[in-house]
Amino acid sequence: IEEYFCHLEPRRIVILGYTGAGKSSLANTIFGEEVFDISHAADSGTTNCQSATRSVYNRRITLVDTPGFFATMRAEEELKAEILRCITECAPGPHTFLIVQKVENFTVHENAVIEKILEYFSEEAFKYAAVVFTHGDQLSEGETIQDFVHHNEALNELVRNCGNRCHVIDNKYWKNESQEEYRSNKFQVQKLLQTIDDIFQKNGSTYKTSCITNTRSSQGNRGSRGRDIMPNTLRIVLLGKTGVGKSSLANSILGTNVFSFSDFEKSICQAKSGSVNGRHVTLVDTPGLISRDRSGEELKSEILGCISECAPGPHAFLIVLKVEKMTEQEKAVITQICQYFSEDILKYATVVFTHGDQLTEGMKIEEFVDQSDDLRELIKKCSGRCCVVDNKYWKNRQQDEYRTNQYQVAKLLDAIDEMIVKNKGGCYTTKMLTEWRIAILGKTGAGKSSLVNTICGEEVFKVYHNVNSGTKDCQSATRSVHNRRITLIDTPGLFDTDRAEEELKAEILRCITECAPGPHAFLILLKVEKFTVHENAVVEKLLEYFSEEAFKYAAVVFTHGDQLSEGETIKDFVQKNEKLKEIVGKCGHRCHVIDNKYWKNNNPQDYRSNQFQVQQLLQTIDDIFLANRGTCYTNEMLQEVAAERQRKNSLKTN
């Protein structure tokens with residue numbers, strides 16, 4: 001029988017997913033042997049397509065392992081070309097795509113993978129796809145992968161698009177026979193292969209490589225360079241003050257009234273998609289800036305949330321202004337936009353004027369701009385990109401072609417295309433947002449000042465090796481680290497024997513209030529050592545000072561990483577202690593490890609190198625920022641904690 005199957009045409013299966021999802025390990029699990037090398041480096045272990053053919057349960061199977069999406073060491077165009085080469089080289093095409101995801105929170109990063117698959121392969125690929133989850137041991141006891149999927153609507157939709165086909169494995173813990181059959185790789189691989197058989201029978205053919213060609217060529221004649229990097233879906237965010245006509249502009253672009261004008265919907269981000277001049281466009285309408293009805297932080301949180309609505313980020317921002325005098329309020333809008341998103345936003349921005357009928361007869365929008373120094377300066381910062389529409393009077397054809405929305409929308413899309421080429425196909429990401437404030441907390445001697453120096457890659461703070469806390473007062477430093485602007489706030493050590501409790505508490509709380517409006521993240525420092533009552537007391541102090549709310553903004557960072565056993569990860573170490581596991585769980589399972597002494601000069605791609613761990617830590621802070629929609633832990637939250645403490649003390653007294 002084995003000899004018979006060796007002569008059959010192999011099933012060609014392409015494995016897709018983000019860096020670190022476990023694609024190579026999945027291939028090895030399916031084959032039942034170590035075929036592909038596994039890398040634990042920060043970037044994608046698979047840098048080029050690799051394939052292997054084996055006989056598995058009486059089937060000839062070719063598995064094609066692809067580089068991870070969003071590999072930080074490769075340009076987007078280069079990565080895309082390599083992934084598409086995997087497909088075209090397993091001609092006439094793959095029988096199945098396996099989309100690999102971890103059993104973890106489905107965030108904007110996971111959703112961005114699906115966007116990329118759509119962009120590269122079109123929706124046709126889902127007819128040939130199944131979702132395979134790794135890290136199955138993260139499922140709760142008795143929980144199936146279908147149960148897990150039902151907890152999240154975005155995951156639900158993905159699996160539905162793939163014909164409700166999903167499976168789960170665990171490349172580490174489910175290797176051997178388990179008492180529970182469901183939690184064994186052998187059982188899951190057999191089920192997965194049956195699903196692949198079903199896909200083949202249902203489709204009766206392979207995914208055609210022509211589907212790739214069609215998605216790439218459908219973008220029209222923009223020149224070979226532009227065509228190669230032009231996204232399938234154009235993601236555009238509209239910004240402007242209330243009443244400027246953002247929703248109407250969005251409707252004008254899409255050519256239909258899809259955005260509502262209700263008070264509620266104008267107060268939240270709305271995303272709608274449609275086809276415009278042969279392009280698939282997603283528009284995100286945002287609440288009006290300079291709002292009297294909402295606090296500054298609340299408004300900022302909602303508007304920054306627009307980034308997650310169009311992950312991994314928008315290709316373009318439209319700054320919407322009226323054809324009218326540029327007043328102090330308009331200037332305040334531009335200032336607010338730059339404060340929210342940093343001046344980098346202008347590299348991705350086009351100014352669109354509404355109420356075009358206010359232009360004098362025969363006047364172009366560029367002439368109107370030239371009448372104002374402030375407008376001229378703004379348009380210059382946007383590399384001269386500006387257009388004009390009139391959502392009321394320019395809907396229908398007119399003798400003057402310039403004064404039609406159809407002409408102006410086409411001009412706008414051309415301007416955005418040129419901008420995308422100039423930006424090398426990139427989009428605006430959370431890394432470009434304004435400065436992050438990160439507070440570092442821990443007991444005396446945990447290594448807080450050393451951690452700051454390690455993150456910054458230079459000696460910023462003096463490190464003391466005496467018994468008492470080296471950091472007596474709060475100190476902060478701002479640096480650019482891996483394309484992020486970061487302010488690190490070093491705090492005095494908890495349980496400093498040299499200071500009274502109330503004095504120490506006042507100084508630590510002052511650190512928070514002085515980095516107004518508050519830190520975006522807390523890093524709680526612990527050593528890689530036995531977790532005793534002393535370490536637990538650190539966490540209790542943080543609860544007392546900041547409340548449970550702080551954990552939404554927190555990650556645990558372990559120092560003295562060289563104390564880990566050979567081959568042990570920090571997550572393995574955490575699993576050994578229930579109390580430690582509980583603390584890391586409170587922090588959204590976010591934990592990292594460094595060694596300020598021994599891991600300085602290690603290979604940057606090794607797990608045991610500070611460079612690797614700092615990159616991972618910054619990615620975690622990205623995730624915290626997105627999960628909290630750009631908000632920070634504020635002074636108001638501290639005041640609520642103080643008020644609650646006072647109330648409890650009053651009850652005790654009474």
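The legends below describe several close-up views of one predicted model. Because the model is predicted, local features need pLDDT of at least 70 and side-chain atom pairs count only at pLDDT 80 or more, while totals for chains, interfaces and linings use all residues. Residues are numbered from 1 along each chain as its sequence is written, and side-chain values use heavy atoms, with hydrogens and water left out.

View 1. The secondary structure comes to 23 helices and 18 strands, where helices (H or I, at least four residues) and strands (E, at least two) are DSSP runs numbered from the N terminus. Of the 654 residues in the chain, 54% are buried; buried means under 20% relative accessible area, exposed means over 50%, and partly exposed lies in between (1.4 Å probe, protein chains only).

**View 2. Helix α21 and its surroundings.** In this helix, which covers residues 578-586, Leu580, Ile583 and Val584 are buried. Seen down the axis of α21, the buried residues fall within an arc of 95 degrees, so they line one face of the helix; the arc is that of the directions from the helix axis to the C-beta atoms. These buried residues pack against β16 (521-527), α19 (533-546), β17 (554-559), α20 (570-575) and β18 (591-593), contact here meaning heavy atoms within 4.5 Å.

View 3. Asn577 caps the N-terminal end of α21, with a side-chain oxygen 2.9 Å from the backbone nitrogen of Lys579. Just after the helix, Gly588 takes a positive phi of about 65 degrees.

**View 4. Helix α19.** At 1.5 Å a residue, the 14 residues of α19 should span 20 Å, and its end C-alpha atoms are 20 Å apart, which agrees; the expected span is 1.5 Å times one less than the number of residues. Buried residues of α19 include Val538, Val539, Leu542 and Phe546, and the helix is followed by Ser547, whose phi is positive, near 75 degrees.

View 5. Asn58, found in the loop between β2 (50-56) and β3 (59-65), has a positive phi of about 60 degrees although it is not a glycine, and at 38% relative accessibility Asn58 counts as partly exposed. Ser122 lies in the loop between α4 (108-121) and β5 (129-134), has a positive phi near 75 degrees, and is buried, with a relative accessible area of 18%.

Key: Polar contact = N/O pair within 3.5 Å; in protein donor to acceptor, adjacent residues only side chain to side chain.
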